[in-house]
Every structure is written in C-alpha cells, then in structure tokens.
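Open the model in your viewer and keep the sequence panel beside it. This tour goes stop by stop, saying what to select and what is there.

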Amino acid sequence: MRDHPHGGRTTEPLPVIWTGRATNRAQWLLAAVGGGCLALGIKLAVDSTWTSGLAPLVMSVVGCLAAGLLILFGTLAFVHVAVKVDSDAFEVRCGHMGLPRRRILLAHVVRAEFAPRVTPRQWGGWGYRWRPEKGMAVIVRRGEGVVLRLGDGRIFTVTVDDAETAVRIIRARLHAAATGRSAES
C-alpha cells in the first residue's frame with residue numbers, strides 16, 4: 001500500500017458505505033463483434049438466396065444468432081464491475097444488469113489485502129474466474145485489486161479502482177468487529 005502521512009493513518013473518518021468501479025473499454029470491441037454476428041444472422045434469415053436447401057440456411061442463421069448472443073452478453077456482463085463495502089458486507093456486481101453478483105459478509109473475511117497489479121493473464125482472461133490454486137476472481141481489467149481471504153480458506157479477488165481505500169475500510173471494519181467498537185469513528 002502507498003505511504004500515508006502520519007505513519008500510514010489518516011484523520012478522515014471512514015465512510016459508512018464505500019463504492020468503487022472498474023471499467024474495460026476494450027470489451028466494447030468484442031461486444032461489437034457479437035452485434036455483427038447477430039446482424040449477419042438476421043440478414044441471412046431475412047434476405048437469403050441460398051439454393052442448397054433449408055437445413056444449411058437454418059444452421060447458419062441459428063449459429064450466427066447463438067454466437068452473437070453469447071459474445072454480446074458475455075462481454076457486456078464484464079464491461080465494468082461495481083464494488084460496495086458497507087457495515088456488514090462486500091458486494092460485487094458485474095455489467096449493466098448487476099449480474100453475476102457476489103455478496104460476502106465481512107464476518108466471513110479473515111484478511112483483506114491490496115494487490116497492486118492483477119492481470120487477466122494471471123487468471124486466464126477477463127470475467128468471473130476460478131483457479132484451484134488461486135480461488136475466485138472478477139477481472140475486468142488489469143490493475144489494482146482487492147484480495148479477500150475467507151474463513152473457510154477460499155480467496156476472492158476483484159479488480160477495482162481505488163482498491164487501497166477499500167482494503168483500508170475493510171481492515172478497519174474487521175478490527176472494529178474484533179474489538180467491539182464502531183468502524184466509522
């Protein structure tokens with residue numbers, strides 16, 4: 001984590017609810033490819049001059065539409081991620097519809113860590129990822145992230161802007177819960 005004045009402690013009170021976002025504008029390019037596949041499927045269905053029969057036409061239309069929908073919705077789900085930390089939970093929502101969504105109670109968090117550099121390559125790409133040796137992650141772009149170590153031994157990572165502040169707030173809430181005080185003071 002970065003150095004802070006006064007020995008790493010700030011005098012500002014912690015917010016009751018912290019929110020953060022991360023966006024990947026490159027995903028819009030992939031969404032455009034999905035839109036192109038959809039348009040091709042519709043064009044084939046409406047304006048076909050195929051002479052080789054109905055079966056190849058139906059297979060082409062269905063294939064283009066299915067590929068287009070999968071690409072379009074698969075990429076739009078991970079164009080951005082929204083993270084919220086409140087008094088009792090850490091919540092992650094992906095895409096414009098907020099799905100997939102993950103809510104982790106802070107009571108289940110053992111430790112929160114700041115990861116200065118998380119890359120899609122470490123996790124095998126963008127999106128909602130699982131790796132046996134690393135746990136689960138929501139990766140929408142490369143950069144800083146929050147790593148939560150849970151009481152059952154699992155690890156959850158998410159890339160988000162200003163992850164350092166989120167980690168500081170989670171640590172304060174965990175410390176307050178352990179000592180029985182209010183984290184907002």
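Buried means under 20% relative accessible area, exposed means over 50%, and partly exposed lies in between. With a relative accessible area of 36%, Asp-162 is therefore partly exposed. Asp-161 also counts as partly exposed, because its relative accessible area is 40%. Keep in mind that this is a predicted model.

**Stop 1**

Select the loop between β9 (155-159) and α4 (163-179), where Asp-162 lies. Check the backbone of Asp-162: phi is near 60 degrees, a positive value in a residue other than glycine. Most residues other than glycine have a negative phi.

Now show the side chain of Asp-161. It meets the side chain of Arg-141 in a salt bridge, 2.7 Å from N to O. This pair links distant parts of the chain, 20 residues apart: Arg-141 sits in the loop between β7 and β8, Asp-161 in the loop between β9 and α4. Is Arg-141 buried or exposed? Arg-141 has 11% relative accessibility, so it counts as buried.

**Stop 2**

Select β9. Of its 5 residues, 5 are buried. Ile-155, Thr-157 and Thr-159 point one way, while Phe-156 and Val-158 point the other way.

β7 and β9 pair in the parallel sense over 3 bridges. Val-138 stands opposite Val-158 here.

β8 and β9 run antiparallel, joined by 5 bridges. Look for Val-147 opposite Thr-157.

**Stop 3: the nonpolar cores**

Stay on Val-158 and show its surroundings. Leaving aside neighbours within four places in sequence, Val-158 is in contact with Val-81, Val-83, Phe-90, Val-92, Val-138, Gly-145 and Val-146.

Which residues touch the most other members of the largest nonpolar core? They are Val-81, Phe-90, Val-92, Val-146, Leu-148, Val-158 and Ile-170, out of 30 residues in that core. Color α4 separately: the largest share, 6 residues, comes from α4. A second, separate core has 7 residues, including Ala-115, Val-118, Ala-137 and Ile-155.

**Stop 4: the open sheet**

Select β1 to β4. These 4 strands form an open sheet in the order β1-β2-β3-β4, with antiparallel pairing. β1 (18-23) and β4 stand at the edges with a single partner strand each, so one side of each is left without a neighbour in the sheet. Neighbouring strands are turned by 10 degrees against each other on average, direction ignored.

Zoom in on strand β2 (residues 80-85), which 5 bridges join to β3. Val-81 stands opposite Cys-94 in β3.

Move across to β3 (residues 89-94) and β4, also joined by 5 bridges and antiparallel. Find Val-92: its bridge partner in β4 is Arg-102. Then inspect β4 (residues 101-105) on both sides. Arg-102 and Ile-104 make up the covered face. Arg-101, Arg-103 and Leu-105 make up the uncovered one.

**Stop 5: the β3-β4 turn**

β3 and β4 form a hairpin with 6 residues between them. Gly-95 in the turn has a positive phi of about 70 degrees. Pro-100 lies in the loop between these strands. What kind of peptide bond joins Leu-99 and Pro-100? The bond is cis, with omega about -5 degrees. Most peptide bonds are trans.

**Stop 6: the charged network**

Show the side chains of Asp-88, Glu-91, Arg-93, Arg-101 and Arg-103. They are linked in a network of salt bridges.

Start at Glu-91, which counts as buried because its relative accessibility is 9%. Glu-91 and Arg-93 meet in a salt bridge of 2.9 Å, N to O. Arg-93 is partly exposed, at 33% relative accessible area.

Glu-91 also forms a salt bridge with Arg-101, the closest N and O atoms being 3.7 Å apart. Here Arg-101 is in strand β4 and Glu-91 in strand β3, 10 residues apart. Arg-101 has 44% relative accessibility, so it counts as partly exposed.

To finish, zoom out: a search of the whole structure finds 10 salt bridges.

Key:
Residues are numbered from 1 along each chain as its sequence is written. This is a predicted model: local features need pLDDT of at least 70, side-chain atom pairs count only at pLDDT 80 or more; totals for chains, interfaces and linings use all residues. Side-chain values use heavy atoms; hydrogens and water are left out. Buried means under 20% relative accessible area, exposed over 50%, partly exposed in between (1.4 Å probe, protein chains only). Helices (H or I, at least four residues) and strands (E, at least two) are DSSP runs, numbered from the N terminus. Two strands pair if DSSP finds at least two bridges between them. Axes are lines fitted to C-alpha atoms, for helices over the stretch in contact, and angles run from 0 to 180 degrees between N-to-C directions. A nonpolar core is a set of buried Ala, Val, Leu, Ile, Met, Phe, Trp, Tyr and Cys residues joined through side-chain atoms within 4.5 Å. Contact means heavy atoms within 4.5 Å. A salt bridge is a side-chain nitrogen of Lys or Arg within 4 Å of a carboxyl oxygen of Asp or Glu.
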